[in-house]
Amino acid sequence: MTIHSFILIFHFSFLIIHFSFAQDKKAKELYAQSIKLFGERKAGEAIPFMEQAVKQDPNFLDAHLKLGQLYEFTKRFEPAIAAYRDAIQLQPDSPASAPAYQSLSTILLRLGRYGEALPYLEKYQTLFAPQSAQVKRINRQLANARFGQEAMQHPQNVDPKPISSVLQTTPSQYFPVLTADEQTLVFTALKPEGDEDLMAATFNGEVWSPPVSLSPGINTPENEGTASLSADGRTIVFTACQGRKGFGSCDLYVSHKTGNDWSSPENLGPIVNTRYYESQPALSADGRRLYFISDRPGGKGQRDIWQSDIGSDGTWAEPVNLGEPVNTAFNEASPFIHANGQSLFFASEGHIGMGGYDLFVADNGASGWSMPTNLGYPINTSEDQASLFVAANGTRAYYSFEEQKDGISQKSRLYTFDLPETLRERIKSVSYLKGVVEDAKTKKPLSATVELIDLKTNQVVSRVQADAQTGQYTAVLPSGGEYALYVSVPGYLFKSLSFDFTQKTKGDGLSLSVPLEPAAAGSSANETLNNLFFESGRYDLAEKSRTELDRLAAFLQANPTLNVEISGHTDDKGDATANQTLSQKRAQSIAAYLTKAGIPATRIKAIGYGKSKPVAPNTTDENRRLNRRIEWRVI
C-alpha cells in the first residue's frame, strides 16, 4: 500500500466520526453504503453511492470530501478536483474544510497547475495558528508552487530525445551511467516478470548495440540496479536488496572488469553497509571516492547522501554525511558526481522545487559545498525526477523519463539532451586520455599505474590501473590547471606526459598508446622529462618541477642497481656555445636535485648536448619547444 493510499484510508475513517453532519437520512444511508464498499476494497463500486449521497444532500460536506477522495484514489483527478472545490464552497472558512484544501492543493501541485493551487494554499494557511506545524508544511507547498510557476514561465532550452529505440527491450529502463568516452552505457532494466537487471550497450560512433546482460555473475533472479561506473568502465558499484548475504535491507556491491570478464561481486563491507538502507552509489571518475544514499543514524533527515574514500590498502573509510546545505530534513536520492570531481547532481524532496523529487547541482570548493541549484523546467517537472548523468565534457546529459497516462506511470525510457548554456557554464568540463600500455619491444599489454598529479599542489588528482589483459586505460584530465601524467610499471622506465589546461574550457577526448621501455642497463631508450620548467635562458628549476624530480628520484631509489644519464638539449636559437653551456647546467641542476634526494652522485651522469640532437626540424615554434628538453636513460 502506498503512503498516499494510507492517508486516504485514514481520512475515510476520520469522516465516519463526522457522519452526523449529514441532515438527510437517505444521504446518510448512501454515504454509509459507500464507506462499506470501500472498506471491502471496492472503491469503483463505492463511487456511485457517494455521488448519489451528494445529489441527495448537496450541503453534505463530508460526502463531497469523501467523493473527492474516492475519485483521487481511483486516479480520476479532474472529478476529484471538482468534488474538493464543491466541498470548499460549502464552508470556505471552516477548519472542517481543511482536508479538502489539503487534497485539492496537493493534486494541483502534482499536476503542475501551480497558479490554480496558490489561492487555495493561501486560504488553507489561514485556518491554522501562524507558528503551527501545519502552517510550516503549507509554507513549503507555497514556496514550491511559486517556484514551479516561475520556472515554467522561464523554461530551460532543452529538447530531450530517446537515446535509441534499440535499448527498449524491456518494459522500463532507468538509471543510465556511461564511461568517460560515452561509448559504454550501463542501465537498470525492469523485466516483465518484475526482475531488475543491469544491462550494457556500446556505441560505435553512429548507433547503439542491442543491450545485453552486464554479466551472469552479477545479475541474478533477484534485483540488481542503480549502478555507478568508474570513468574507464572497469569498476562498478551497484545495489542489491535480496538474494545476497548482506548487512541490511539494501547493500552496495563492487565488481571489477579484467578483459571482458567481471569479477564475482563483493559486498563493500560493514563500514559502508549497515543494518540500515544503503543504495544509489556514485563513484568518482577514478573509483577512489564513493557517494551513496543511506538512512543510517547521524544524518540530517531521513535518507541522506554520504561519502567514503578508499585507502591505498583497498579499505573504505568511515562514511561522512555531506551535511548542509546538500542534505535536508527530508529525503535525498540518486547522487551523481561529475567526472570533474566537484559537481554533485542529486535528487531531493527537501529543497524548494516543483514538487516531489527535483534534480539539483551543488559544487564542492575550498569552503565546502555550495547551496544546491535547481536545474529548472523542463528538466524538472511536477513529477518525481529520478537521476541524471552528465557527460565528462559537460555538453550532454542522460536520464530516464517516466511516460504518463492519466497521471499513472506507464513505462520509463532512457533520454538524452544537450545541456543548456546556463548549466554548461557552471560545470567544469574534463577531457579524457585513453589508449593501451604495452612493452615497447614485445608489444605485451601491461597493467600499468596511470597517475595524474596537479603540478601546483603536487597532489594526486587521479590514479587508475590499466587492464591487466588488454593494457587499456582511461584517465580523466580536468581543465583549469597544469598536470603531470605518469605511466609506470615495475621493471620499466616510467613515461612522463604534460598537460597545460589552464586556458582550456572545453573537454575533448585524446587517444595515446604508451610503449614502455624495460629498465635494463645499456638500454638506448631515452625518455623525456616533460614536466621540468625553466625560465628562458636560465637553468634554475621552477617549483612546479618538484613533481617530476621526485618521481625520478623514487624510480632510482626503487632500482638501486641502475645508473642514469641526464641529458640537456636546446633548440637552434642563439649562440651555439651558450646553448651548449645552458644545456649542461640544466642537466647538472637535475643531477644536483637527485643527489640531494639521496641518490649517490656516482649513479648519475649529467651531460649537455646543446642543439646537436634535435628530435624535430627547428622550423616552427612547436618543433623548437620539442627540442628544448631534458632526457634520461639507463646506462
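Tutor: Buried means under 20% relative accessible area. Keep in mind that this model is predicted.

Student: Which residues of α4 are buried?

Tutor: Leu 61, Asp 62, Ala 63, His 64, Leu 65, Lys 66, Leu 67, Gly 68, Gln 69, Leu 70, Tyr 71 and Glu 72 are buried. That is twelve of the 13 residues, so α4 is largely enclosed by the rest of the structure.

Student: How do you know that the span of helix α4 agrees with its 13 residues?

Tutor: The expected span is 1.5 Å times one less than the number of residues. For α4, residues 61–73, that should be 18 Å, and the end C-alpha atoms are 18 Å apart, so the two agree. Just after α4, Lys 75 takes a positive phi of about 65°.

Student: What makes Glu 278 and Arg 296 a salt bridge?

Tutor: The cut-off is within 4 Å, nitrogen to carboxyl oxygen. Glu 278 and Arg 296 meet at 3.1 Å, N to O, so the pair passes. Glu 278 is in strand β11, Arg 296 in the loop between β12 and β13, 18 residues apart. Both Glu 278 and Arg 296 are buried.

Student: Why is Glu 565 called buried, and why is Arg 633 called partly exposed?

Tutor: Glu 565 has a relative accessible area of 4%, so it is buried. Arg 633 has 23%, so it falls between the 20% and 50% limits and is partly exposed. Glu 565 and Arg 633 form a salt bridge, with the closest N and O atoms 3.5 Å apart. The pair links strand β32 to strand β34, 68 residues apart.

Student: Why is the pair of Phe 203 and Trp 208 called tilted?

Tutor: Stacked needs planes under 30 degrees apart, edge-to-face over 60. The planes of Phe 203 and Trp 208 are at 40°, so the pair is tilted. Their ring centres are 5.1 Å apart. Phe 203 is partly exposed at 27% relative accessibility, whereas Trp 208 is buried at 12%.

Student: What makes the pair of Tyr 291 and Trp 369 edge-to-face?

Tutor: Their planes are at 80°, so the pair is edge-to-face. The ring centres are 6.3 Å apart, and the limit is 6.5 Å. Tyr 291 in strand β12 and Trp 369 in strand β18 are 78 residues apart. Tyr 291 is buried at 1%, and Trp 369 is buried at 14%.

Student: How do you know that Arg 303 lies over the face of Tyr 277?

Tutor: The distance limit is 6 Å from CZ of Arg to the ring centre, with a further limit of 35 degrees from the ring normal. Arg 303 lies over the face of Tyr 277, at 3.7 Å from the ring centre.

Notes
Residues are numbered from 1 along each chain as its sequence is written. This is a predicted model: local features need pLDDT of at least 70, side-chain atom pairs count only at pLDDT 80 or more; totals for chains, interfaces and linings use all residues. Side-chain values use heavy atoms; hydrogens and water are left out. A salt bridge is a side-chain nitrogen of Lys or Arg within 4 Å of a carboxyl oxygen of Asp or Glu. Helices (H or I, at least four residues) and strands (E, at least two) are DSSP runs, numbered from the N terminus. Buried means under 20% relative accessible area, exposed over 50%, partly exposed in between (1.4 Å probe, protein chains only). Rings of Phe, Tyr and Trp (its six-membered ring) pair if their centres lie within 6.5 Å; planes under 30 degrees apart count as stacked, over 60 as edge-to-face and the rest as tilted.
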